[in-house]
Protein chains: 10
Amino acid sequence: MSEDGATMLGRASAIPASPEEAVLDRVRDPHAAIRYAVRFVAPEFTSLCPVTGQPDFAHLVIDYVPREWLVESKSLKLYLASFRNHGAFHEECTVSIARRLVDRLEPEWLRIGGYWYPRGGIPIDVFYQTGPAPEGIWIPDQGVPPYRGRG
Amino acid sequence: MSEDGATMLGRASAIPASPEEAVLDRVRDPHAAIRYAVRFVAPEFTSLCPVTGQPDFAHLVIDYVPREWLVESKSLKLYLASFRNHGAFHEECTVSIARRLVDRLEPEWLRIGGYWYPRGGIPIDVFYQTGPAPEGIWIPDQGVPPYRGRG
Amino acid sequence: MSEDGATMLGRASAIPASPEEAVLDRVRDPHAAIRYAVRFVAPEFTSLCPVTGQPDFAHLVIDYVPREWLVESKSLKLYLASFRNHGAFHEECTVSIARRLVDRLEPEWLRIGGYWYPRGGIPIDVFYQTGPAPEGIWIPDQGVPPYRGRG
Amino acid sequence: MSEDGATMLGRASAIPASPEEAVLDRVRDPHAAIRYAVRFVAPEFTSLCPVTGQPDFAHLVIDYVPREWLVESKSLKLYLASFRNHGAFHEECTVSIARRLVDRLEPEWLRIGGYWYPRGGIPIDVFYQTGPAPEGIWIPDQGVPPYRGRG
Amino acid sequence: MSEDGATMLGRASAIPASPEEAVLDRVRDPHAAIRYAVRFVAPEFTSLCPVTGQPDFAHLVIDYVPREWLVESKSLKLYLASFRNHGAFHEECTVSIARRLVDRLEPEWLRIGGYWYPRGGIPIDVFYQTGPAPEGIWIPDQGVPPYRGRG
Amino acid sequence: MSEDGATMLGRASAIPASPEEAVLDRVRDPHAAIRYAVRFVAPEFTSLCPVTGQPDFAHLVIDYVPREWLVESKSLKLYLASFRNHGAFHEECTVSIARRLVDRLEPEWLRIGGYWYPRGGIPIDVFYQTGPAPEGIWIPDQGVPPYRGRG
Amino acid sequence: MSEDGATMLGRASAIPASPEEAVLDRVRDPHAAIRYAVRFVAPEFTSLCPVTGQPDFAHLVIDYVPREWLVESKSLKLYLASFRNHGAFHEECTVSIARRLVDRLEPEWLRIGGYWYPRGGIPIDVFYQTGPAPEGIWIPDQGVPPYRGRG
Amino acid sequence: MSEDGATMLGRASAIPASPEEAVLDRVRDPHAAIRYAVRFVAPEFTSLCPVTGQPDFAHLVIDYVPREWLVESKSLKLYLASFRNHGAFHEECTVSIARRLVDRLEPEWLRIGGYWYPRGGIPIDVFYQTGPAPEGIWIPDQGVPPYRGRG
Amino acid sequence: MSEDGATMLGRASAIPASPEEAVLDRVRDPHAAIRYAVRFVAPEFTSLCPVTGQPDFAHLVIDYVPREWLVESKSLKLYLASFRNHGAFHEECTVSIARRLVDRLEPEWLRIGGYWYPRGGIPIDVFYQTGPAPEGIWIPDQGVPPYRGRG
Amino acid sequence: MSEDGATMLGRASAIPASPEEAVLDRVRDPHAAIRYAVRFVAPEFTSLCPVTGQPDFAHLVIDYVPREWLVESKSLKLYLASFRNHGAFHEECTVSIARRLVDRLEPEWLRIGGYWYPRGGIPIDVFYQTGPAPEGIWIPDQGVPPYRGRG
Ligand SMILES: [Ca+2]
Ligand SMILES: [Ca+2]
Ligand SMILES: [Ca+2]
Ligand SMILES: [Ca+2]
Ligand SMILES: [Ca+2]
Ligand SMILES: [Ca+2]
Ligand SMILES: [Ca+2]
Ligand SMILES: [Ca+2]
Ligand SMILES: [Ca+2]
Ligand SMILES: [Ca+2]
Ligand SMILES: [Ca+2]
Ligand SMILES: [Ca+2]
Ligand SMILES: [Ca+2]
Ligand SMILES: [Ca+2]
Ligand SMILES: [Ca+2]
Ligand SMILES: [Ca+2]
């Protein structure tokens, strides 16, 4: 790994005050000539409801096919943590995370699944990808089990 | 089976307007001299929140050790359906169902588990029994899986 | 979010007396230029059998690809609750909910799965979509486990 | 619902003595202009082995895309029950049920999965459909878990 | 194995017309001096509802601690199959099977769990044992997962 | 329900700045003479690591046997949300929540399970109860599946 | 069923000494004009390692689309049992079973999954089919869960 | 490890022709003064039916509390493999394995669960222990899921 | 937390060369007067076989009831990592980890479950505790699912 | 099997000091003319983080379609074990293993899934294949369940 990724790994870092202040680091893909996919699962995501100010929680799964850059995993963690005191609707928040990663990584392709905890008995899931899955790349199903209530 | 149980089985019946109006039928236990346990699972239970008027849903599991009487299963179904337009808090509602059955059936022992769907991200479960499980009777765990959010 | 959505969020509201009386609110898609899918899971749905008057229960999963409008989630909840005292056959009810959403949201595409609780030992599932899933949009399987009886 | 369906719903009926004697009722599809799929799960199916006379058991899942007609669900239940004293090999029995439904309902498409309980340590599953799944209709996987022996 | 057990194993046999006509064979416990438990699982049990004549299905689990006799497994299978055309209520049927085995085997202890398929949305489970589980014998939980409806 | 519980239900409320500022409301147990247990599951709990400032997440399960008072569920939700910007070690945090509830509710008995998300590949679970489970009250296992890594 | 199939069903038969000596019986497909698929699951398969002589175990799943012939299930069971004292490598053994069935049944298509128990901590699975799945025939996933080690 | 245990580990060995010919090696418990339990799971067990000669399969779980001796694991594997061509009834076979281990290891306590694959649709499980579980030793449940048929 | 615990948290540390060289840090229990239990799950444990030198893997679960001291979690992680190049038999290794913790923490009680990956098709589990679980403390089952082979 | 594969099977071998020193043996595909797929699951993989030196763990699944050569399974095991003291980033390590196998086996096609244990609460999965799955070959989903945190 290269650039700022290696310097961040192993240090404790403060949570950025907002998504805008968070810095997404990237490192050069050591296999830039090879097409493959990477998945991150973030079951520890929380933000605030912009109307009521109440906490929201989500289980996020992000798949992407890098071109030149990989996301540095610790900076990704801090970026996601920066939503902790940030107000955002479910649909908007999920898509925004994807768009931020796309802007920074310029990947061949990216997909996000946002699996939000229920509100009023009804959870919302948001499914976004930048376009059709690229030919010849293997992208397994995210396979998050559906919400089922009780029983 | 005997008394009004046999007459009710196989007929369509109107949902009683309230739990008070519902009639719980009982039939003589054909094995009155034998001590055993019976379990009913009612995953289709709904009532109303007495403060907001919004629907509540629960998965109920009832275990009992009959003495002289069994509950007639169709009247039990109608009794549970009678909560449909009835306002009740989770704790109160669950215990009340148990007490009504105890009054009617005079069982050796009765247990109810009320597994309510989450409100505000937090489900409530209510666990009631009339006393220690009777010696020598087999009462398996209800085994309802815990609520787990998403992911 | 905009229009009547924001005003409704956080207020208690009465259950509409029938689906016809229920108002489905919509809010502008903040990412109208981006194609993505949204899923709602409603495990707390109940209606009445039009022949016997007995309660029916279903687990509903709705996926859609918005064009200009998102459904406001609280009004969706109230719309679904409005079937509580409404008689409808399984097939008809499931498809009607889809059609009502399509009329109001004019989405690019919509799918509904209605997973009904068993009657007579046999559950009915209803699967409807407005047409082939749109190219390049990711629509995960609904993944509701099949009914399995006991054991 | 119409025709004989509505009259049968809510009445107890005798099990037909054989599949031939069973009457499959149909009702008009209230959404005849709309293409969708319906699934029935029958985990309570039993027939007899034509060689040994021993009982066989199966878990059946039937998916179909109606054209003009829906199967009336109670008559379907009685039709399946009519195999109780009927001898049939697994492969033949499963396909015959599909063909009988096709003859009566003239659906756009039909699929059956017959998941038979093991004999001699080896279960047989039978998978039949009338042709390729119709374009643009959503037919989820039946998702019956495979037999696994013990452990 | 001894007595009629060995003669029956490997032959096809007709289903007895009723439980009364079924013969339960027993064989001498080869480890009569040793105290241990045996479990049979019968997921292929069916009988008839004595009121409506409709088929009922159950998943049965039987545990016992033999004294001098083991049940011959093929005769047990035929005995259970003899309920196929026999009318019996859930509670009565389950306890009767236990009592018949107790009379024939004179075991140190016996337990039966009858896990019946739902009727009217509500399954009944029946749990019977002849008395407290004997000291020092290992009787694992039957561990049949609870009924859960849909979703 | 009584006292401030009923007034809070249905209103949006600000997250308290710290656990100390949070107010735990209580309502009179409508069945004060009856001994039963109540379970809350809070899968949306988050606090901060007091050393690194990084977010921690936990799945909390709280069981208690009320004497005179029930906890008002919305105030419980806000109390738990007040840890959002609060630094606390896993063991201390879990036990503190239990002690605060004990002080306010004076229950007959209380148990908490804190199931924390892994750090350094190793999750910590904390199990506390105020004393032996009271005789004759039914307290089911919390049944949270163990952490299992991948695969 | 016809030919030797019907004569074998219900008789005990000796295990053939080797796969070569085993006779695979076939019976005419009663629905020869209809295209469908059949699945056999054999979780009780064992052979010997040709190098060490140690037992190997596999869970086999076989799917095929018959043309004129069905395999007689008891002869299939005996054929599989004939590997009991036979040495074979995992890849070779799995493919050979498929080829033997293809030679005997001349099916439209056949698939085998051989899920071998781990050796040295690493299980081998072998996946073979005679060609692309035939158009318009429904072949569900075999759905055998992946090996997962412990935890 | 000591005695013949260390010499056997890492060598390929022939399967003994019968249980009688198999040699069970033992090694000194390195913690002879400490009381603990050891579990072996053998999902690859097979023997022959003494009446029909057909193969039988079982999933075995053995727990024991050693006193002076541990069983050498490779010799245990070979001992279990020696049943491959040995005829034995389920109950007898399971108990015999336990007794052989008891004779050789003289443990403080031993338990075996034999979970046999179904025959005639009905599996047999055999549960044996040498006496009550010793005080103060932790013996977790074997937790083998019950047989469930299909669906 | 106090002593060296707080200084270690957040720093990268080298893996100790052997268990003997690893230092187990302890911190004062902030609730020393309160009796509760703590669980660590370590699914990433590996050591070497002392005979063959091959890697072994285990899933470890450790429960303890602290008296005055808690184990500092990062030093526990490093201690467990120190077995990476250390040879140890399964039984000995598991018990040794427990004894080392007992020596350092002087807990009221401690339990360890070592769930080892299979060798030769047979996994070994080791269950040790320092004595009977202390009265009135809640120690949930470790609930690690049993090894099951394939299928 | 041929070449050095047969000679290695059954012997204990030292772990190679690095991936470079490890020798990947290959054996001739006995079915070279037949196109099929082979899967290896390696749940016991561990390497070191190149920045912190801390151990990393992964669950690896490798699928390939052999042309002329099969990988000899014991040499694969040793090759994977050679990463034990080797530093490698997740993405790089996973792809390198695939490339090494491709160079040695010259398969028609190869896929690898690397399912890494979480770091900082976020696991990384890496999905690589050499190109589109070959037409007409059956490659089942790897089906590794997604990481889910706690609860
Ligand atoms: Ca690249
Ligand atoms: Ca009684
Ligand atoms: Ca849009
Ligand atoms: Ca139509
Ligand atoms: Ca098994
Ligand atoms: Ca005995
Ligand atoms: Ca449900
Ligand atoms: Ca009270
Ligand atoms: Ca694992
Ligand atoms: Ca054909
Ligand atoms: Ca000892
Ligand atoms: Ca079943
Ligand atoms: Ca303490
Ligand atoms: Ca198996
Ligand atoms: Ca080839
Ligand atoms: Ca979670």
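Glu106(J) sits in the loop between α3 (90-105) and β5 (109-116) of chain J. In this predicted model, the residue has a positive phi of about 45 degrees although it is not a glycine. For context, most residues other than glycine have a negative phi, and most peptide bonds are trans. With a relative accessible area of 49%, Glu106(J) is partly exposed, since exposed would mean over 50%.

In chain E, Glu106(E) is found in the loop between α3 (90-105) and β5, and Glu106(E) is partly exposed with a relative accessible area of 49%. What does Glu106(E) touch, not counting residues up to four places away in sequence? Its contacts are Arg67(E) and Leu101(E). Glu106(E) and Arg67(E) are 39 residues apart in sequence, yet 6.8 Å apart in space, C-alpha to C-alpha.

**Calcium sites**

| Ion | Protein donors | Distance |
|---|---|---|
| calcium ion (ligand 8) | Asp29(F) (OD), Ala32(F) (O), Ile34(F) (O), Pro66(F) (O), Arg67(F) (O) | 2.8 to 3.1 Å |
| calcium ion (ligand 12) | Arg150(C) (O), Tyr117(D) (OH), Tyr117(E) (OH), Arg150(H) (O) | 3.0 Å |

The donor residues of the calcium ion (ligand 8) are spaced D-x2-A-x1-I-x31-P-R in sequence. At the chain E site, both Asp29(E) and Ile34(E) are buried. At the chain F site, Asp29(F) is buried, with a relative accessible area of 5%, whereas Ala32(F) is partly exposed, with a relative accessible area of 39%.

The calcium ion (ligand 12) takes its protein donors from chains C, D, E and H: Arg150(C) (O), Tyr117(D) (OH), Tyr117(E) (OH) and Arg150(H) (O). One pair here crosses between chains, with Tyr117(E) in the loop between β5 (109-116) and β6 (124-129) of chain E and Arg150(H) in the segment after β6 (124-129) of chain H. Are Tyr117(E) and Arg150(H) buried or exposed? Both Tyr117(E) and Arg150(H) are buried.

His31(E) has its place in the loop between β1 (26-28) and β2 (36-48) of chain E. At 14% relative accessibility, His31(E) counts as buried, because buried means under 20%. Leaving out residues up to four places away in sequence, His31(E) touches Tyr36(E) within its own chain, and Glu91(H), Glu92(H), Val95(H) and Ser96(H) of chain H.

Other chains stay apart from chain E. No contact joins chain E and chain F, whose closest C-alpha atoms lie 13 Å apart. Chain E and chain J are likewise not joined by any contact, and their closest C-alpha atoms lie 18 Å apart.

**How the copies are related**

Two copies of a chain are related by a rotation about an axis and a shift along it. Chain D is superposed on chain E by a rotation of 180 degrees with 0.0 Å of shift along its axis, at an RMSD of 0.0 Å. These two copies are thus related as by a two-fold rotation axis.

Chain G can be laid on chain D by a turn of 72 degrees and a shift of 0.0 Å along the axis, with an RMSD of 0.0 Å. That is the relation of a five-fold axis. Here the copies use different surfaces, as 3% of the contact residues of chain G recur in chain D. Which residue of chain G comes closest to the rotation axis? Gly143(G) does, with its C-alpha at 7.2 Å.

**The second largest pocket**

The second largest pocket holds about 470 Å³ of space. Its lining has 16 residues, and Asp141(A), Ile139(D), Asp141(D), Ile139(G) and Asp141(G) lie nearest its centre. By class, the lining of this pocket has 10 nonpolar, no polar and 6 charged residues.

Technical notes
Residues numbered from 1 in each chain as written. Chains lettered and ligands numbered in written order. Predicted model: local features only at pLDDT ≥ 70, side-chain atom pairs only at ≥ 80, totals over all residues. Heavy atoms only, no water. 1 Å grid on protein atoms, 1.4 Å probe; cavity = no way out; pocket = protein on both sides within 12 Å on 5 of 7 lines; lining within 4 Å. Points joined across faces, edges and corners; volume = space filled by probe spheres on them. Nonpolar A, V, L, I, M, F, W, Y, C, P; charged D, E, K, R; others polar. Least-squares fit on C-alpha atoms with pLDDT ≥ 70 in both. Contact = heavy atoms within 4.5 Å. Donors = N, O, S within 2.8 Å, 3.2 Å for Na, K, Ca; no water. Helix = DSSP H or I, 4+ residues; strand = E, 2+ residues; numbered from the N terminus. Buried < 20%, exposed > 50% of the residue type's maximum accessible area, 1.4 Å probe, protein only.
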